[in-house]
Amino acid sequence: MAHPFATTICTPNGLHIDRKNMSWLFGYRNSQPPSDFSQYVQPPPAAGGSGGGGDDGGGGPPKKLTKSQMEAYMFDSAALERAANAAKELERSRHAKEALELSKMQETTRQVELQAEMKKYESNIEQLKSEQKRVEGEERRKTIQEETKQHQMRAQYQDQLARKRYEDQLMQQQKMNDENLRRQEESVAKQEAMRKATIEHEMELRHKNEMRKLEAELRAKAKIDRENHDLNLEQIRLKASEKRITVLESIKTAGSVLGSGAKALLSDWDKITAAAAGLSLLAFGVYTAKGATGVATRYIESRLGKPSLVRETSRFALLDVARHPIQAAKKLKPKQTDALSGVILAPKLEERLRDIAIATKNTKRNRGMYRNILMHGPPGTGKTMFAKKLAEHSGMDYAIVTGGDMAPLGRDGVTAIHKMFDWALTSRKGLMLFIDEADAFLRKRSSERISEDLRATLNAFLYRTGEQSNKFMLVLASNTPEQFDWAVNDRLDEMVEFILPGREERERLIRLYFDKFVLQPAIEGNKRLKVAQFDYSALCIKMADLTEGMSGRELAKLGVTWQAAAYASEDGVLMENMVMDRCIEAIKQHKQKVHWRSEQEKQESKSIYATEEDGVSQPTTSKTPAIEPCPVVAPV
């Protein structure tokens with residue numbers, strides 16, 4: 001059996017049959033339609049003989065056929081004879097029927113393949129049509145987009161032209177308004193000049209008239225005086241003689257009265273005794289009133305007044321109430337405050353100070369004995385601020401005294417110390433006596449060179465603080481506590497060291513002061529201060545890394561510097577580069593201040609309580625400290 005797609009069929013008896021010839025024989029030729037030969041056929045002549053002529057007007061001889069037309073009518077009979085012979089041989093063969101069936105099957109397969117190719121071709125055509133539609137849609141979309149873009153550009157251009165025309169109109173209007181204003185100002189200036197000239201002329205005329213009037217009056221008066229010269233001299237002589245006679249008579253009368261009185265007093269001893277007793281009682285009354293007034297004044301001052309040493313206090317006197325009644329009323333209202341609100345310190349230090357605040361509050365509530373505290377550390381680390389917060393939190397009054405005020409008092413220092421402590425004992429709520437820079441007068445008596453007056457003042461202080469008290473709490477603050485006298489150290493119950501802020505504390509402080517001095521005034525809107533758009537958080541983190549070694553007071557001053565920079569700008573807007581420039585300048589100034597410190601100050605600034613476990617780094621004591629170059633931060 002031959003392959004379905006073979007072009008030649010081999011029969012069992014060895015006969016080879018061409019597939020194309022067999023398909024022509026059995027009517028299964030290719031599915032192509034037969035050729036149309038009608039174009040080569042000569043149309044028949046028109047009927048009607050000579051009566052119906054064509055173009056040449058009669059029935060002429062037929063046209064001769066061309067060679068190609070003759071070949072179209074030629075028929076090859078050799079192929080038909082071969083096909084007939086093959087058909088006869090096939091009929092005589094035993095497998096004729098099978099060959100016929102096989103040929104039919106092959107032809108059917110061929111038809112199926114052709115149909116599949118036709119469907120594939122149709123599907124390709126459909127795909128091409130869909131692709132063409134998609135391309136057309138894409139081209140249409142691009143065309144629409146381009147038209148939209150052109151419309152937008154045209155609209156923008158028209159809008160620009162309209163704006164330019166409007167701006168030109170505004171400029172013309174502004175120029176016209178300026179010109180009108182200039183003309184009005186010139187007119188007003190001319191009128192004002194004319195008015196001033198008129199007023200000056202009037203004043204000049206009035207002055208001339210007054211001078212002429214005065215000159216005339218003086219001339220008339222002088223003329224009258226010359227005419228009445230003799231009369232005036234006679235009147236002066238009469239007045240002088242009368243006054244002389246009157247004075248002489250008064251002297252004579254007073255002398256006679258005093259003489260008679262003295263004679264009568266000396267002649268009567270009872271009158272002399274009464275006069276002496278009266279003068280004695282008068283002197284006693286004067287001196288008694290003076291002493292009572294002094295005692296009453298000192299009592300009122302101790303109860304209601306404020307000692308001269310106290311610089312600031314939360315207690316108020318009657319005079320303060322009369323001056324500031326609203327503030328006094330606010331102070332009477334109790335406030336629940338946190339001892340560490342607004343104070344940013346290291347976590348361990350905050351924990352210790354919170355314990356001290358709780359203990360102080362409970363001590364006041366239970367009327368116990370207060371403990372004396374020493375707060376020491378570098379300047380600007382929050383000692384005074386925490387002392388005020390501690391007094392407010394515990395419900396006590398506070399009074400701030402400066403140690404530098406003691407030395408200028410001299411001999412009055414002892415009296416001032418006693419007045420201060422007497423005043424402290426009169427507080428009903430309890431008083432926290434905060435002495436800032438206490439090392440100024442509490443120095444060592446053995447090694448330090450202090451005057452006798454200052455030594456007496458120190459002894460008075462030691463006398464008044466020798467025992468624990470339930471009336472006042474003593475809080476000392478110093479940058480150099482090693483200068484204290486040993487007796488002063490013996491009266492201290494607890495010592496707290498305030499260290500410089502670390503990395504996290506500096507970031508919290510910078511955020512606090514940036515919000516206080518920059519953001520809040522900008523939000524209020526009633527001040528000339530605005531803030532540009534930049535990342536505040538990232539900027540605060542960057543500045544916290546750069547400001548190592550700076551105290552809380554220096555960071556607070558940095559916040560004030562930012563505010564001043566915004567006020568100094570033309571539009572009042574604080575930019576990021578302005579913030580960084582002020583920060584870098586503050587760092588340079590801090591390093592310069594550190595460089596200016598002497599070796600003794602650097603040695604005294606070291607903490608004897610700082611250990612590696614607390615994470616406190618000791619400052620170096622190199623003999624020639626150099627200012628490290630500050631890193632230049634480019635504005636973002």
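This is a predicted model: local features need pLDDT of at least 70, side-chain atom pairs count only at pLDDT 80 or more; totals for chains, interfaces and linings use all residues.
Side chains of opposite charge can pair when their charged atoms come close. A search of the whole structure finds 22 salt bridges. One of them joins the side chains of R195 and E192, with an N to O distance of 2.3 Å. Both residues belong to helix α4, which covers residues 96–227, and they are placed 3 residues apart, or about one turn of the helix. R195 has a relative accessibility of 42% and therefore counts as partly exposed. E192, at 28%, is likewise assigned to the partly exposed class.

Another salt bridge links E204 and K208, whose side chains meet at 3.6 Å, N to O. Because E204 and K208 are 4 residues apart in helix α4, about one helical turn separates them. The relative accessibility of E204 is 42%, so E204 counts as partly exposed. K208 is partly exposed too, with a relative accessible area of 40%.

A further salt bridge is formed by the side chains of D422 and R464, at 2.9 Å from N to O. D422 is located in helix α11 (residues 413–425) and R464 in helix α12 (residues 452–464), so this pair ties together parts that are 42 residues apart in sequence. For D422 the relative accessibility is 37%, which places this residue among the partly exposed ones. R464 has a value of 19% and counts as buried, because the buried class takes in residues under 20% relative accessible area. Salt bridges also occur as a network, in which E179, R182, R183 and E186 are linked.

In total, the structure holds 8 aromatic pairs. In the pair of F534 and Y536, the ring centres are 4.8 Å apart and the planes stand at 90°, so the arrangement is edge-to-face. The cut-off for that label is an angle of over 60 degrees between the planes. F534 is buried, with a relative accessibility of 12%, whereas Y536 is partly exposed at 25%. Elsewhere, ring pairs join F421, F441, F461 and F472 into a cluster.

Rolling a probe the size of a water molecule over the atoms shows where empty space is left. The structure contains 4 cavities of 30 Å³ or more. The volume of the largest cavity is about 90 Å³. Its lining consists of I356, A359, T360, T363, Y370, R371, I373, M473 and E494. Helix α9, made up of residues 347–365, gives the most to this lining, with 4 residues. Sorted by class, the lining of the largest cavity comprises 5 nonpolar, 2 polar and 2 charged residues.

The second largest cavity holds about 40 Å³ of space. Y370, N372, T465, E467, Q468, S469, F472 and L474 form its lining. This lining divides into 3 nonpolar, 4 polar and 1 charged residues.

How values were computed
Residues are numbered from 1 along each chain as its sequence is written. Side-chain values use heavy atoms; hydrogens and water are left out. Rings of Phe, Tyr and Trp (its six-membered ring) pair if their centres lie within 6.5 Å; planes under 30 degrees apart count as stacked, over 60 as edge-to-face and the rest as tilted. Buried means under 20% relative accessible area, exposed over 50%, partly exposed in between (1.4 Å probe, protein chains only). On a 1 Å grid over the protein atoms alone, a cavity is a set of points where a 1.4 Å probe fits but cannot get out, and a pocket is an open set with protein on both sides within 12 Å along at least five of seven lines; lining residues have an atom within 4 Å of a point. Grid points are joined across faces, edges and corners, and a volume is the space filled by probe spheres set on the points. Helices (H or I, at least four residues) and strands (E, at least two) are DSSP runs, numbered from the N terminus. Ala, Val, Leu, Ile, Met, Phe, Trp, Tyr, Cys and Pro count as nonpolar, Asp, Glu, Lys and Arg as charged, and the others, Gly among them, as polar. A salt bridge is a side-chain nitrogen of Lys or Arg within 4 Å of a carboxyl oxygen of Asp or Glu.
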